[in-house]
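Please look through the structure below with care, taking one chain and then the place where the chains meet.

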Amino acid sequence: MSLSVSVKHSLGSFMLEAAFESTGRLTAIFGASGSGKTSLVNVIAGLVTPQKGRVAVDGKVLLDTGAGLYIPASKRRIGYVFQDARLFPHLTVEGNLSYGEWFTPKGQRYASRQQILSLLGIGHLLARRPRDLSGGEKQRVAIGRALLASPQLLLMDEPLAALDQARKAEIIPYLERLRDEIRIPIVYVSHSVAEVMRLADDIAVLEHGRLAAFGPVAEIAQRLDLVPPEDRDEGGAVIVMAVIAYDESSDLTRLTATAGDILVPGHIGPPGMKTRVRIRARDVMLACEEPRKISALNILQGTVVDLVPADSSAVNVKLDCAGAIIMARITRHSANVLDLKTGSRAYAVVKSVSVSGPFPR
Amino acid sequence: MEWYSLTPEEWSAVHLSLKVAVVAMLASLPAGIAVAWALARRNFWGKSLLNALVHLPLVLPPVVTGYLLLLSFGKKGFIGSYLAEIGIVFSFRWTGAALACAIMGFPLMVRAIRLSIEAVDTRLEAAAETLGANAAWVFLTVTLPLTLPGIIAGMILSFAKAMGEFGATITFVSNIPGETQTLPSAIYTYTQIPGGDAGALKLTAISIVISLGALVVSEYLARRAGQRLSS
């Protein structure tokens with residue numbers, strides 16, 4: 001699975017200029033509103049033709065302005081889930097789902113209707129009209145419609161932005177299953193740090209139409225400077241951990257990684273299951289000696305590899321815990337008192353973590 | 001002659017009027033949709049000219065439109081003479097009345113459909129495109145169904161205009177009972193002869209009933225289509 005994009009396009013005074021190559025299952029395009037995210041996916045979809053650009057999916061070139069190659073949107077076989085669902089109001093859910101299927105040549109259909117209906121939990125909605133669906137249901141039907149066209153790539157433009165917190169929580173597990181179970185790459189546009197950190201394999205960060213950074217999620221997560229100021233509290237490390245066991249009496253699941261073990265509330269999944277753990281920098285305290293008699297459950301030992309001033313009072317500390325990077329945001333005052341510098345040994349006291357899952361069954 | 005019974009001539013006027021109006025409405029529909037779509041969605045050279053041309057029958061005196069039709073579609077007209085060679089004759093035939101009615105109703109039909117097409121969300125069309133539909137399929141499966149209320153309104157307006165058309169028709173195809181004498185022409189004839197008041201009144205009543213009926217049907221259809229489409 002690979003996606004290669006390079007675009008140069010000016011819209012009035014706005015200039016979109018970005019190029020990246022991703023092999024991840026889910027590539028997130030992250031940026032504030034107005035940073036050019038939607039324009040970029042519209043170029044990939046073929047809804048916007050850039051002045052200069054090249055787009056290739058799995059080696060198949062869809063657009064190459066240099067070579068004068070332009071495949072129209074209807075022939076690109078790229079699924080597109082819009083922020084506003086865009087279900088056809090004159091068709092039922094069933095009609096909407098069949099729409100893309102119908103236009104796909106028989107030999108190129110790989111999507112199984114049964115699998116998609118159950119993956120998205122929309123089997124019971126078939127006879128309804130789009131106006132009778134809730135926001136979350138509309139979005140799930142829109143995802144199903146895009147998938148049933150058997151696309152080579154799935155674009156999702158802020159599919160959760162129009163939904164409230166409860167609906168978001170309802171859909172995110174479906175997106176995770178989608179990422180893990182369908183065999184096509186996904187490009188996911190979002191301005192939410194939490195969504196991107198939870199879902200993405202690779203992240204492209206757009207700032208004012210330019211690519212500010214591109215890389216795997218764990219790497220981008222450490223770049224707290226890329227997090228917009230209003231979401232500063234959301235920045236932090238992302239590490240992959242495996243489930244060891246769930247203890248019913250305490251309702252805690254033990255997870256492990258090279259950095260050590262941590263305990264998280266609830267039943268996450270069966271032993272051996274890999275899960276992604278996000279530890280926000282502001283939820284991490286640092287200690288120079290191993291803390292004892294402390295309520296926090298999770299203490300990881302590591303070495304300071306970097307200290308970056310964050311603002312006038314805070315500093316971001318990058319801690320290497322046996323290969324896993326943990327970020328901590330502490331006051332500059334504390335850093336001075338603890339005499340933290342590169343190479344110092346420190347204990348990270350993790351107050352809370354967010355874990356992907358539990359997964360819908 | 002009873003007040004509620006119609007003479008054969010009166011019946012033929014009613015029948016002819018309905019036939020002319022229905023044919024005018026249906027025959028101009030494809031062109032109406034095409035022109036409305038071009039005006040709503042395309043930018044091309046001569047767009048304002050086409051728009052002016054379509055609206056011309058609305059602002060010209062109907063007699064002028066009728067006379068222009070006679071000049072162009074008459075047996076010796078520059079279009080009519082060619083059509084006559086392949087056996088299509090408009091002048092002094094009911095088909096000519098239908099042509100006159102179609103042209104008089106055309107601006108109304110195009111206007112209603114155009115407004116409706118302009119109201120269709122182009123984002124839905126883009127969505128259809130990403131699902132594999134080319135331009136023609138997008139139009140047939142998304143734009144057209146969503147335009148249905150406007151198409152119904154346009155058809156009814158064209159029909160109603162045809163039922164009432166008088167000036168262009170009588171100028172182009174005259175007032176021949178059984179061939180080109182539609183309801184308005186028949187009413188006009190009655191008013192020109194002594195004692196024709198009763199007949200004129202009867203036909204007037206029929207005219208009102210048909211027009212009101214068309215209005216009611218269109219309201220009903222438009223509401224149903226609107227309900228189906230509301231999102």
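In which helix of chain B is the place of Ile113(B)? In this predicted model, Ile113(B) belongs to helix H5 of chain B, which takes in residues 94-119. Ile113(B) counts as buried because 28 C-beta neighbours lie inside 10 Å, where 20 or more are needed for that label. Leaving aside residues up to four places away in sequence, Ile113(B) touches Gly32(B), Ile33(B) and Ala36(B), and also Thr147(B), Gly150(B), Ile151(B) and Gly154(B). Arg41(B) is 72 residues apart from Ile113(B) in sequence, while the two C-alpha atoms are 12 Å apart in space.

Turning to chain B as a whole, one finds 10 helices and 0 strands, so that, by the way helices and strands are assigned, the order from the N terminus on reads α-α-α-α-α-α-α-α-α-α. Taken along the principal axes, the C-alpha atoms of chain B fill a box of roughly 70 × 40 × 30 Å. Of the 231 residues in this chain, 42% count as buried, and among the contacts in chain B with a separation of 6 or more, 75% are accounted for by residues 24 or more positions apart.

Chain B also meets chain A, with 17 residues of chain B in contact with 19 residues of chain A. On the side of chain B that touches chain A, the elements giving two or more residues are helix H6 (122-130), helix H7 (135-164) and helix H10 (197-229). The largest share of that side, 6 residues, comes from H6(B), and the residues of the side divide into 9 nonpolar, 5 polar and 3 charged.

In soluble globular proteins, nonpolar side chains tend to be buried together. The largest nonpolar core here has 113 residues, of which Ile44(A), Leu155(A), Ile326(A), Ala328(A) and Ala348(A) touch the most other members. Not counting residues up to four places away in sequence, Ile44(A) touches Val5(A), Val55(A), Ile78(A), Leu155(A) and Val187(A). Apart from this core lies another, of 50 residues, with Ile33(B), Cys101(B), Leu157(B) and Leu183(B) among them.

Note on methods: Residues are numbered from 1 along each chain as its sequence is written. Chains are lettered from A and ligands numbered from 1 in the order in which they are written. This is a predicted model: local features need pLDDT of at least 70, side-chain atom pairs count only at pLDDT 80 or more; totals for chains, interfaces and linings use all residues. A nonpolar core is a set of buried Ala, Val, Leu, Ile, Met, Phe, Trp, Tyr and Cys residues joined through C-beta atoms within 7 Å. A residue is buried if 20 or more other C-beta atoms lie within 10 Å of its own, exposed if 12 or fewer, and partly exposed in between; C-beta atoms are placed from the backbone. Two residues are in contact if their C-beta atoms, placed from the backbone, lie within 7 Å. Helices (H or I, at least four residues) and strands (E, at least two) are DSSP runs, numbered from the N terminus. Ala, Val, Leu, Ile, Met, Phe, Trp, Tyr, Cys and Pro count as nonpolar, Asp, Glu, Lys and Arg as charged, and the others, Gly among them, as polar.
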